[in-house]
Amino acid sequence: MIDKAIPYGRQNITEEDIEAVVETLKSDYLTQGPKIAEFERTFAGYVGAKYAVAVNNATVGLHLATRTLGVKPGDKVIVTPMTFAASANCIRYCGGEVVFCDIDSDTYLMDIRKLKLLLGSYPKGTFKGLVPVDFAGYPHDMEEFRKIADEYGLWILEDACHAPGGYFVDSKGVKQRCGNGVFSDVAVFSFHPVKHIATGEGGMVTTNDKILYEKLILLRTHGITRNPLYLYENHGGWYYEMQELGYNYRLTDFQAALGISQLKRADTGLERRQIIANRYDEAFRNIAGIKMPYRTGDMLHAFHLYVIQVKDRLGLYNYLRENKIYAQVHYVPVHLQPYYRELGSRLGDCPVAEEYYKHCLSLPMYPTLTDEEQEFVIQKVLEFV
Ligand SMILES: *Cc1c(COP(=O)(O)O)cnc(C)c1O
């Protein structure tokens, strides 16, 4: 019998993590110190991007990205409705207009066929960019998205919050990790405790573009630079210039220390997620009332979430809660949120996402979920279904 509550996701903090934080707390720098650059370097190496910029959460990372990409009032940007609200809100922070493109019924990612239809039904130049989200950890074939983006002159802001370590295999047979900047212009990751790597609050923005990178760095710290190469004037060693309206979106050094320590276990965490996903797959494969996550061979699903679809989702959700299993729903489609309805979105705009929302449930998925706990979850799901 399992008597402790089982959440859908949770962090894993080890003694090494704690030591790394304590060591940084005792050092000279709590913020703006050497741990930031070290975290950025190791994270960029992990996902395979040239540049990484640490920020204090992914939401501000998305905002930095949209500012850096130059989103202006009235700019139209295409966003998936099956995501956390921040993926769309970052367009609104800059006054841009969000246009939702429905999802694929198997992958739950932005449906590339519908994207083509949407782009084709407006004059060229109508849209500025795309925000695809590697939903649940399922990697996009970003090469295909890049082709379309190039055809229409769009930038791609990849919300990779669910997918550190995930990859797809491109047309040349190369493994392309989510957010590596090869096909997307900018990507954003989150280090909220339910995500793969936890720093409390925290995020990372990655890119392969040096100009975008420098702008991200500038905007992260108030739009202020001290770099003599970029100054308009120079009054001496103390001199700095505020050249843009920027922000304080910095991560602290003790959070970066935690991130560096967590990153060392990222691959074993990902392996554990695969094992848990495989066990769920095995248990649900022949059950008529359960739709399992879709997978193909030429990719690695990062399994931030393990989502099933069932007929009576509310019933299953409540039944699991009675057994202290806290499954979750990801997500209420963003276009149906009152704020976006106020801006003109309606029920019926994205029928696939709306249908998916009626049936989806995210089961417990995190590396420290024990086999015994998982068997308990499986047993309760099967009992109900
Ligand atoms: C968690 C999440 C965010 C926001 O991350 P924070 O670090 O909490 O700001 C944005 N997009 C997606 C898809 C997420 O899952």
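How many salt bridges are there between domain 1 and domain 2? I get a count of 2. This is a predicted model, so I'm reading everything below as computed from that prediction.

**Entry 1: the two domains.** I looked up the division of the chain first: domain 1 covers 15-263 and domain 2 covers 266-384. Their centres, over C-alpha atoms, are 25 Å apart. On the domain 1 side 40 residues take part in the contact, and on the domain 2 side 32 residues do.

**Entry 2: buried area.** I like this number because the size of an interface is often given as the accessible area lost when the parts come together. Here domain 1 and domain 2 bury about 3,000 Å² between them, and carbon and sulfur atoms account for 64% of it.

**Entry 3: polar links across the boundary.** I went back to the salt bridges and picked out D106 and K291, whose side chains meet in one at 3.5 Å, N to O. Next I asked which elements give two or more residues to the side of domain 1 that touches domain 2: they are α4 (86-93), β4 (97-100), β7 (167-169) and α8 (253-263). Sorted by class, that side has 23 nonpolar, 10 polar and 7 charged residues.

**Entry 4: aromatic pairs.** My count of aromatic pairs comes to 20. I checked Y108 with F135: the ring centres are 6.3 Å apart and the planes sit at 80 degrees, over the 60 needed, so I log the pair as edge-to-face. Y108 is in the loop between β4 and α5 (112-120), while F135 is in the loop between β5 (127-131) and α6 (142-152), so this pair ties together parts 27 residues apart in sequence.

**Entry 5: salt bridges, whole structure.** Searching the whole structure, I find 22 salt bridges. One of them joins E144 and K147, with 2.9 Å between the closest N and O atoms. Both residues lie in helix α6, 3 residues apart, about one turn of the helix.

Entry 6: I looked here because most residues other than glycine have a negative phi, and most peptide bonds are trans. Is the bond between H330 and Y331 cis or trans? I read it as cis, with omega about 0 degrees. Y331 is in the loop between β15 (325-326) and α11 (338-342). A136 has a positive phi, near 65 degrees, without being a glycine. I place A136 in the loop between β5 and α6.

Definitions and conventions
Residues are numbered from 1 along each chain as its sequence is written. This is a predicted model: local features need pLDDT of at least 70, side-chain atom pairs count only at pLDDT 80 or more; totals for chains, interfaces and linings use all residues. Side-chain values use heavy atoms; hydrogens and water are left out. Domain bounds come from an automatic or database domain assignment. Contact means heavy atoms within 4.5 Å. Buried area is the accessible area (1.4 Å probe) that two parts lose on being put together, summed over both. A salt bridge is a side-chain nitrogen of Lys or Arg within 4 Å of a carboxyl oxygen of Asp or Glu. Helices (H or I, at least four residues) and strands (E, at least two) are DSSP runs, numbered from the N terminus. Ala, Val, Leu, Ile, Met, Phe, Trp, Tyr, Cys and Pro count as nonpolar, Asp, Glu, Lys and Arg as charged, and the others, Gly among them, as polar. Rings of Phe, Tyr and Trp (its six-membered ring) pair if their centres lie within 6.5 Å; planes under 30 degrees apart count as stacked, over 60 as edge-to-face and the rest as tilted.
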